[in-house]
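Visitor: I'm new to reading protein models. Could you walk me through this one, one question at a time?

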Amino acid sequence: MKHASVDRLEKSLSVTLEEMLASPHAFEPAVFSEQDVERTGMSNYSYWRSTFIAFRKRTFAMFLLCLVLTILVFTFVQPHLPGQYDPVLVNNNEMGLPLKNQQPNETFLMGTNNIGQDIWARLWAGTRTSLTIGISVAVIEAIIGIFIGVLWGYIRKLDFILTEAYNVLDNIPTTLVLILVSFIMRPGMQTIIFALSLTGWIGMARFIRNQIIIIRDRDYNIASRCLGTGAFRIILRNLLPYLVSVIMLRMALSIPGAIGSEVFVTYIGLGLPATIPSLGNLINTGRSLMMSPNLRYQLIYPTILLSIVTISFYVIGNAFSDAADPKNHT
């Protein structure tokens, strides 16, 4: 049976071959098409496009991103809307007396505080201030942390020096730094940003250094060095793109962390002056009125907005970090 099946297969192949040779088009040359070559010789894969496609699939993160962007835009648009009050202006009645602790009404959407200032205007001015502080600190930490971390992890001669410097700086309490800087320098946004950035980059640098050590001796990096590729090009082309997801996650978490630190410093009385509205100032003022049921709204509004901002950045950062991972790209 086996020999018979083999014979039948050989006969069918020989018949097929004879038919092909008998065809008048059997030996015509194939037509060259440059477009077909380009289409089959390259991939339409784009890292950032794939990242955004993966991120768009996360509905909740997209909703929070739109919400945060709306809040950010509204903080800058709100002062230019009609019928808005100055956040530091004390509002008086016809008798010239301050409109203290007014409940939310048609005139004052969120009421007034204990000296007659409009809480609606102060809430958005405070959000603008806190977001400016948070974003500025996150950018400064990223720039310094990435630069130091890459040098620390890639250049072996600097490892000992930077490790010892890290051990010294990391053991200085952040709270102590904030208090000392607030005492020495004049209170203001620049002081808070400087104080938070003074040691905030250390964690980013340490994290980047650990990631660089993991990937610096992989085969493609060793091959690049053997071919004479410069260190700067290897860092820029081979190492940093691999760390995009974790860098974005760290930056996203630094923003609510900086806002929380600003709230803490203001809570202990060393933050921004009362003339500069911030979420820290609003929460600190509302905290003293927490035991008065009719005045708790002065604490509830800034707390809700602060919670929305911090939770949103945390969820968005994690979602973008997962989306930036090439393993999740299709």
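This is a predicted model: local features need pLDDT of at least 70, side-chain atom pairs count only at pLDDT 80 or more; totals for chains, interfaces and linings use all residues.

Visitor: Which element gives the largest share of the largest nonpolar core?

Guide: That core has 32 residues, and F55, L123, I259, L306 and F313 touch the most other members. The elements that give it two or more residues are α3 (47-56), α4 (59-77), α5, α11, α12 and α13. With 11 residues, the largest share comes from α13.

Visitor: Why might nonpolar residues gather like that?

Guide: In soluble globular proteins, nonpolar side chains tend to be buried together. One place to look here is F55, leaving aside residues up to four places away in sequence. Its contacts are A61, M62, L65, I316, A319, F320 and A323.

Visitor: How many residues are in the other core?

Guide: Another core lies apart from the largest one. Among its members are Y154, I212, V246 and I247. The size of this other core is 14 residues.

Visitor: Is S312 buried or exposed?

Guide: First find S312 in helix α13. S312 touches L64 and V68, not counting residues up to four places away in sequence. Its relative accessible area is 1%, and the cut-off for buried is under 20%. S312 is therefore buried.

Visitor: At roughly what angle do the axes of α6 and α8 cross?

Guide: Look for helix α6 at residues 159-170 and helix α8 at residues 189-215. α6 passes α8 in a left-handed crossing. Their axes come within 11 Å and cross at roughly 145°.

Visitor: Which classes of residue make the contact of α6 with α8?

Guide: On the α6 side, the contact is made by D159, T163, Y166, L169 and D170. On the α8 side, W201, I202, R206 and R209 take part. Sorted by class, the contact has four nonpolar, one polar and four charged residues.

Visitor: How many residues apart are R58 and D322?

Guide: The side chains of R58 and D322 meet in a salt bridge, at 3.8 Å from N to O. R58 is partly exposed, with a relative accessible area of 35%, and D322 is partly exposed too, at 34%. R58 sits in the loop between α3 and α4, while D322 is in helix α13. The pair links distant parts of the chain, 264 residues apart.

Visitor: Which residues do salt bridges that share partners join into one network?

Guide: Side chains of opposite charge can pair when their charged atoms come close. D217 meets R216 in a salt bridge of 3.7 Å, N to O, and D217 also meets R225 in one of 3.3 Å. Shared partners like this join salt bridges into one network: R156, R216, D217 and R225.

Methods. Residues are numbered from 1 along each chain as its sequence is written. Side-chain values use heavy atoms; hydrogens and water are left out. A nonpolar core is a set of buried Ala, Val, Leu, Ile, Met, Phe, Trp, Tyr and Cys residues joined through side-chain atoms within 4.5 Å. Buried means under 20% relative accessible area, exposed over 50%, partly exposed in between (1.4 Å probe, protein chains only). Helices (H or I, at least four residues) and strands (E, at least two) are DSSP runs, numbered from the N terminus. Contact means heavy atoms within 4.5 Å. Axes are lines fitted to C-alpha atoms, for helices over the stretch in contact, and angles run from 0 to 180 degrees between N-to-C directions. A crossing is left-handed if the near helix is turned anticlockwise from the far one by less than a right angle, and right-handed if clockwise. Ala, Val, Leu, Ile, Met, Phe, Trp, Tyr, Cys and Pro count as nonpolar, Asp, Glu, Lys and Arg as charged, and the others, Gly among them, as polar. A salt bridge is a side-chain nitrogen of Lys or Arg within 4 Å of a carboxyl oxygen of Asp or Glu.
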